[in-house]
Amino acid sequence: MKKSLVTVGVCLLVGALPSFGSAQELSNEITDRCVRASVKVVMLNDSNGGSTGSGSMIDTRGYVLTNFHVVGHMRPETGRPGQLYNARNRVHLATVDNARQSARPRWLGVVVRGDVQLDLALVRIVSDTDGHAIEGAPFHAVPMAPTDQLRPGSRVWAFGYPLGVRTINVTEGSIAGFQMNSADQVAWLRSDAEFNPGNSGGMLVDQRGRLVGVPTRVFHGEGRALEPVELARPVERMPAEWLAAMRHGHIEDVQITGVGRLNENHALHATANGDHGTIGSPDQHFYEVPEAPRPARVTTRRALPIALMHRDGVIREGRGSVEVRDGDPADPIISVVVPGAAENPVTYTIDIESTAPATEATPAVAEAPNGDARPANPAAASGAGEEVRPDNPAATSGITVTGTVVDAASGAPVSGAYVVVGRPGVALGPIVDGYLQGRISESDFHAQILALVRTDVHGGYTLTDARPGAYPGAALSRGYRPASLTITIANRPTIHLGAIRLTR
């Protein structure tokens, strides 16, 4: 009986095979159009190498939609976020006439629009590689479509140029789901159509050949997901201003958004809604820091994780505020991490203001060696140069205490060292020693201290909102002997302690 049912089922499907097959494949006409509208994007880097990605022709006059990370910096570790890889703004683009043709640069373009938060960019083709201007509308383009017609299981196809591939590459899959932001917009399309390195910025089309998404990232889940999840930015999220600018003629200017610029006495208001982060990761906003004032303090009205960053990494970080000092690089970037924005919109205010001139130094009591050489491992400290415990000395006085930790022999700054401030009257040396040896629990250790800070790349540290008085202190770093000292805080707005010297 079971066999006859299967036979009947097969017979019923035979008549439907032509329509079933067409629903699972792109027609020759649609495939050819997508192939011709696919673009290989190459942007040479000013320093070394270059970036290779893909793009989609969305206007027959030569406008290419791609990812911003294909043409510019997204994170401070590589360069200033929002800055193009090529200062001359020259993008090499390749198109083909059929799927068997190798993609070779045929056109030159310029980035005319970019958004770092959305990771989208718009490139306008201005000439061929010989410098001859483009006339008319000679390009093939794909129509764009919103996501409201897509459902989990809807078939999609990714067109692009993965690294090392000279001809167009097409992968097939389906929509696995939608990653929503807190404004009830689709932040990401999740798909199982394979995205390879170099596919970034390319096209994800539905079965009618309409562009629905821009392949952007692959989420591996760090062991939490069984399979990688391909993420595409819906084209409906492309700023409406870009489309309006194209409708009014050729776009001649360059506008890159998504990175704020701080100015003294002018607070910026920002909202995070979960667009910038991926699955399970928080939004991260970036801000340029002006050359003046220095020294200065950058503050968020909501106490968010904030860091001063440069290409070499984190200079210092804190929660709710971070310092910009005279010796810092000329072009740092402020990073603000905004957790939970995908569930509920998070609004905050950020500003920069100069800090008071330095007062005369109040030296710390000279340290005494305490114990043998052991690596420090204060598990609760994750910041660099800024206080990470809320119950620091006198949370209402407003005194700022700064200092440095240096190598006793060479005088070189010791980055990543920890400075511990104990409660008055506590014998801090034995407590630190017991904690490092595992004889004192983490909770008991923190019950005896008021603050725990880590030094930045310059060996500097900062205690904020301190109270006048004398406190037991300790400094420790991997490879050095812990040092005990007394931290003396006078009743002044700003206190600079002398250098704490660590011996090996």
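**Strands, rings and confidence**

Modeller: Strand β28, residues 469–476, is mostly covered, with six of its eight residues buried. Buried means under 20% relative accessible area, exposed over 50%, and partly exposed in between, with a 1.4 Å probe and protein chains only. Helices (H or I, at least four residues) and strands (E, at least two) are DSSP runs, numbered from the N terminus.

Colleague: Before we go on, what sort of model is it?
Modeller: This is a predicted model, in which local features need pLDDT of at least 70 and side-chain atom pairs count only at pLDDT 80 or more, while totals for chains, interfaces and linings use all residues. Residues are numbered from 1 along each chain as its sequence is written, and side-chain values use heavy atoms, with hydrogens and water left out.

Colleague: Back to β28, then. How many bridges join β28 to β29?
Modeller: Seven, and the two strands run antiparallel. Two strands pair if DSSP finds at least two bridges between them. Y471 has I487 in β29 as its bridge partner.

Colleague: And what sits between β28 and β29?
Modeller: Six residues, which makes the two strands a hairpin. G479 in that turn has a positive phi of about 90°.

Colleague: In which sense do β25 and β28 pair?
Modeller: Strand β25 (residues 418–422) pairs with β28 in the antiparallel sense, over four bridges. V420 stands opposite A474 in β28.

Colleague: Is helix α4 mostly covered or mostly exposed?
Modeller: Mostly covered: seven of the nine residues in α4 (residues 428–436) are buried. Among them are L428, I431, V432 and Y435.

Colleague: New topic. How many aromatic pairs does a search of the whole structure find?
Modeller: One. W107 and F139 form it, edge-to-face, at 5.0 Å centre to centre and 75° between the planes. For the terms: rings of Phe, Tyr and Trp (its six-membered ring) pair if their centres lie within 6.5 Å; planes under 30 degrees apart count as stacked, over 60 as edge-to-face and the rest as tilted.

Colleague: Why does the pair tie together parts that are apart in sequence?
Modeller: Because W107 lies in strand β5 (residues 107–115) and F139 in the loop between β6 (120–128) and β7 (155–160), the pair links parts 32 residues apart in sequence. W107 counts as buried at 15% relative accessibility, and F139 is buried at 8%.

Colleague: What lies over the face of W188?
Modeller: R233, at 3.9 Å from the ring centre. The rule is that NZ of Lys or CZ of Arg is within 6 Å of the ring centre and within 35 degrees of the ring normal.

Colleague: Where does Q117 lie?
Modeller: In the loop between β5 and β6. At 16% relative accessibility, Q117 counts as buried. Residues touched by Q117, beyond four places in sequence, include R233, D275 and Q284; contact means heavy atoms within 4.5 Å.

Colleague: How confident is the predictor in the protein chain?
Modeller: The mean pLDDT is 84, and 84% of the residues reach 70 or more. pLDDT is the predictor's confidence in each residue, from 0 to 100. Over residues 1–22 the pLDDT is below 50, and this stretch has zero contacts in the model beyond near neighbours in sequence. Residues 358–397 also stay under 50, but there the model has 131 contacts beyond four places in sequence.
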